[in-house]
Amino acid sequence: MQRFYTQLAQVLHTYTQVDPNLLTSLFEIPPDKSLGDIALPCFRFSKEWKKAPQAIAQEIASQVTHESLIERAVAQGPYVNFYLTRKIALTEVLDDVVQDRGVFTSNRGNSQTVAVDLSSPNIAKPFSMGHLRSTVIGTAISNLLASDGYNVLRINHLGDWGTQFGKIIVAYHAWGDPVLVQNNPITQLNALYVKFHEEALAHPELEDQARATFKRLEDGNEEDLALWRWMIDVSLAEFARMYTLLGTTFTHNLGESFYNDKMDAVVAELLQKNLLVTSDGAEVVMLDDISLPPCLIRRSDGATLYATRDLAAALYRHKELGASHLYYVVGNEQKLHFQQIFHVLSLLGYDFAASCYHIAFGMMRLDGRKMSTRKGQVVRLEDVVQEAISRARAIIEEKNPTLHDVEHVAQAIGVGAVIFNDLKTNRLHDIDFSLTNAVAFDGETGPYVQYTHARACSVLRKANVLQEDVSPSSMVTSWQNNHSDIDDPTWNLIKEISKASATRLRAIDEADPSLIAKHVLDVCQAFNYFYHECPILTAEAPVRALRLALTDATRVIIRASLVLLGLQHPAEI
RNA sequence: GUCCCAGUAGCUCAGUCGGAUAGAGCAACAGCCUUCUAAGCUGUGGGUCGGGGGUUCGAAUCCCUCCUGGGACGCCA
């Protein structure tokens, strides 16, 4: 659609002398399809031209007539509504898709390196629905950036360090059954963590023990370190199962502990640049210049803090990994923290601080409350995904019993439902977990998109188009000798497809995968309507060629969108 | 107490860099499979856009204020 805005602006510029960029920014899509394809509101010119907007609309509409792309222009009150020449527009849109003129790939990144911090679950805790958001949003953003020519580092910043390990080790020695823990590590370790907090209510001295135990771990006690390493191993094994299921991959698994030996250098650098101030015995960086509370670098007992670790991580990603842009897909509750980190980086004199982004999202809650591993109130992602997969399996057995590789497809659909449900609403909204919504297959869901894709594939399979590798443009060429008009369902689909390129760029600029999800839903709705209204295989030759070309373009757009969002796209479901 | 985010149909949400009668999906009801996958399509009902002011030719959208929910706020991460 953007390309038509540009072309129309050029045409109108010759009549009105108005800056084409202004025109492009004024264009909008009429509220009702019957009103036309592109509208120009004329209020803006009223003052300068000393005329009523209605009169201006009349005037512009009467001037614009025989332009190839513009079939006609109609004044409707203060608006000029433009109807595009469908045949010409159609050819351009399909050519864009076939030749990928910015539809699926672009190169604004120009091989610059960007580091995306995503997923980052905590060791020795179950992978909950709460971790789904960062994982799937981070994956989609990584895919989007890669499509724009960036070299993307996907970093899993595992929570593998901190006093919580002191707590677990204390609890393990006090109440742990080694055999039980060995057989079911995550569940048992988490149970011990929960028990620790219950017991600590009555026996506060446990907290001191935990701190002392963690100190011992930090000081390199071999027995504790062995237990800690073992917890990491079993946790990573469990996480790996989830990541395989979700189709998530990382280029780097760098936990918090990785930065243990890089903290002193950060403190030294802050000191050297005179940014550290002592306050109540702690060392902080004052951020009064942007009205933020101070950033704590070192506790009064000399230990470093979360902020110190994140500064070390940011500098590592920049200096050692060569990242010029840093993305952090982390919950909204850490907004202040990242504002502080980014500003400290800029006080240190790093220009890349301006290219650091906190991609925040709302909290996943359960029954209106925050999920809490301490209280044992969590929904395990695996349970939800398995439920979705078994529902998908049941539907396949009912509707398509002869399908090959049912297990693989059921998994693609079940996982797709869970991922898409999270991705389609990427606001800062908190989400109250709903199993019904998470595993829904009807309406605006992942399975609906996957179903539509399979439907398009099925048509193309029956037409032998996929096998013969006939290009859509050749199909269009054969159709263009035909004189029939393009009907509304076909035209609607063309217009939705034409938005793909601008949608992808906007999704990248706003780091918002939900824009892709919403757009692909629109494409699917337009295709299903077209599919219902317009017979494809049984149409006479030239029309059939056009409809097949359009079906193929749709299939390619849907597939690309699913890939960006991290969903699978089976050809048959 | 200070700051941040959110508040749109019974439910989940679009629309938020101001524009035409505020749109989808789910749920409810009514239709559509001898025809390309009915996980689909079509239709009906459903709204003080949290309240109140203001700016403007025009406000769900911008400004002010209040209400509600959530979050953050120096030695946890």
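Biologist: Which parts of RNA strand B do the atoms within 4 Å of the protein belong to?
Modeller: Sugar or phosphate accounts for 63% of them, and the rest belong to bases.

Biologist: What am I looking at, and how is it numbered?
Modeller: This is a predicted model, where local features need pLDDT of at least 70 and side-chain atom pairs count only at pLDDT 80 or more, while totals for chains, interfaces and linings use all residues. Residues are numbered from 1 along each chain as its sequence is written, chains are lettered from A and ligands numbered from 1 in the order in which they are written, and side-chain values use heavy atoms, with hydrogens and water left out.

Biologist: Which helix gives the most to it?
Modeller: Helix 18, with seven residues. Helix 18 spans 446-462. Other elements that supply at least two residues each include strand 3 (79-84) and helix 23 (514-533). Helices (H or I, at least four residues) and strands (E, at least two) are DSSP runs, numbered from the N terminus.

Biologist: Which backbone atoms lie by a base nitrogen?
Modeller: A backbone N or O atom of D280 lies 2.4 Å from one. A polar backbone atom of I536 is 3.0 Å from a base nitrogen.

Biologist: What about D430?
Modeller: A polar side-chain atom of D430 lies 3.1 Å from a sugar or linking oxygen of RNA strand B.

Biologist: New topic. How is chain A divided?
Modeller: Into domain 1 (2-84), domain 2 (113-259 + 322-365) and domain 3 (381-565). The bounds come from an automatic or database domain assignment. The C-alpha centres of domain 1 and domain 2 lie 54 Å apart.

Biologist: What order do the three strands of the open sheet take?
Modeller: The order is 1-3-2, with antiparallel pairing. Two strands pair if DSSP finds at least two bridges between them. Strand 1 (38-41) and strand 2 (70-76) each have a single partner strand, so one side of each has no neighbour in the sheet.

Biologist: How many bridges join strand 2 to strand 3?
Modeller: Six. A73 has F82 as its bridge partner in strand 3. The two strands form a hairpin with two residues between them, and G77 in the turn has a positive phi of about 60°.

Biologist: And strand 1 with strand 3?
Modeller: Four bridges, antiparallel. L40 stands opposite V80. Helix 1 (residues 2-16) packs on the sheet, touching strand 1, strand 2 and strand 3, and its direction makes about 50° with that of strand 1. Contact means heavy atoms within 4.5 Å. Axes are lines fitted to C-alpha atoms, for helices over the stretch in contact, and angles run from 0 to 180 degrees between N-to-C directions.

Biologist: What order does the open sheet of five strands have?
Modeller: It reads 6-5-4-10-11, with parallel pairing. Strand 6 (252-253) and strand 11 (356-359) are the edge strands.

Biologist: Which strands does helix 13 lie across?
Modeller: Strand 4, strand 5 and strand 10. Helix 13 (residues 306-320) runs at about 140° to strand 10.

Notes. Near = heavy atom within 4 Å. Polar contact = N/O pair within 3.5 Å; in protein donor to acceptor, adjacent residues only side chain to side chain.
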